[in-house]
Amino acid sequence: QVQLVESGGGLVQAGGSLRLSCAASGTIVSINAMGWYRQGPGKQRELVASITDGGTKYADSVKGRFTISRDNAKKTVYLQMNSLKPEDTAVYYCKDQIRWSVYRGFSDYWGQGTQVTVSS
């Protein structure tokens, strides 16, 4: 059974910083892409940033402010968020592409979500 556990959300003033973490546990053979998504009030879930061994990708709205990184040994992905704005307020979810058996392909697994609130 694969599980993703997120941490690091909270309340911060505009201009502040937060660091999100997402640790994967369980029977894991390998992890391909790791990413962060968010869903604001009344909005659809959107990709914030993703990372593979080949590189990173960011939404235009967070470029230059957010940095995604991963620690493969710890099976953990991070999202460093700087210069936060009220429009960054959302529930943030991590998603990993995980292979749990050598006889299976990769499947998507989601974390439970962590609330980030940025006050003006």
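Strand E9 (residues 90–99) is mostly covered, as 7 of its 10 residues are buried. Buried here means under 20% relative accessible area, exposed over 50%, and partly exposed in between, with a 1.4 Å probe and protein chains only. The model is predicted: local features need pLDDT of at least 70, side-chain atom pairs count only at pLDDT 80 or more, and totals for chains, interfaces and linings use all residues. Residues are numbered from 1 along each chain as its sequence is written, and side-chain values use heavy atoms, with hydrogens and water left out.

Strands (E, at least two residues) are DSSP runs numbered from the N terminus. Two of them pair if DSSP finds at least two bridges between them.

| Pair | Bridges | Sense |
|---|---|---|
| E4 and E9 | 8 bridges | antiparallel |
| E9 and E10 | 4 bridges | antiparallel |
| E9 and E11 | 3 bridges | antiparallel |

Tyr 37 has Tyr 93 in E9 as its bridge partner.

Another group of strands forms an open sheet of 4 strands, in the order E1-E3-E8-E7, with antiparallel pairing. E1 (3–7) and E7 (66–71) stand at the edges with a single partner strand each, so one side of each has no neighbour in the sheet. On average, neighbouring strands of this sheet are turned by 15° against each other, direction ignored; the axes behind such angles are lines fitted to C-alpha atoms. Within the sheet, E3 (residues 18–25) and E8 (residues 76–81) are joined by 6 bridges, and Cys 22 stands opposite Val 77 in E8.

Cys 22 also forms a disulfide with Cys 94, the sulfur atoms being 2.0 Å apart. A disulfide is counted when two cysteine sulfur atoms lie within 2.5 Å, and the whole structure holds 1. The pair links distant parts of the chain, with Cys 22 in E3 and Cys 94 in E9, 72 residues apart. The torsion about the S-S bond is about 50°, so the disulfide is right-handed. Cys 22 is buried at 0% relative accessible area, and Cys 94 is buried at 0% as well.

The largest nonpolar core has 28 residues; among those touching the most other members are Trp 36, Phe 66 and Tyr 92. Such a core is a set of buried Ala, Val, Leu, Ile, Met, Phe, Trp, Tyr and Cys residues joined through side-chain atoms within 4.5 Å. Elements giving two or more residues to this core include E3, E8 and E9. Beyond its neighbours within four places in sequence, Tyr 92 is in contact with residues including Glu 6, Trp 36, Phe 66 and Val 116, where contact means heavy atoms within 4.5 Å.

Methods: Axes are lines fitted to C-alpha atoms, for helices over the stretch in contact, and angles run from 0 to 180 degrees between N-to-C directions.
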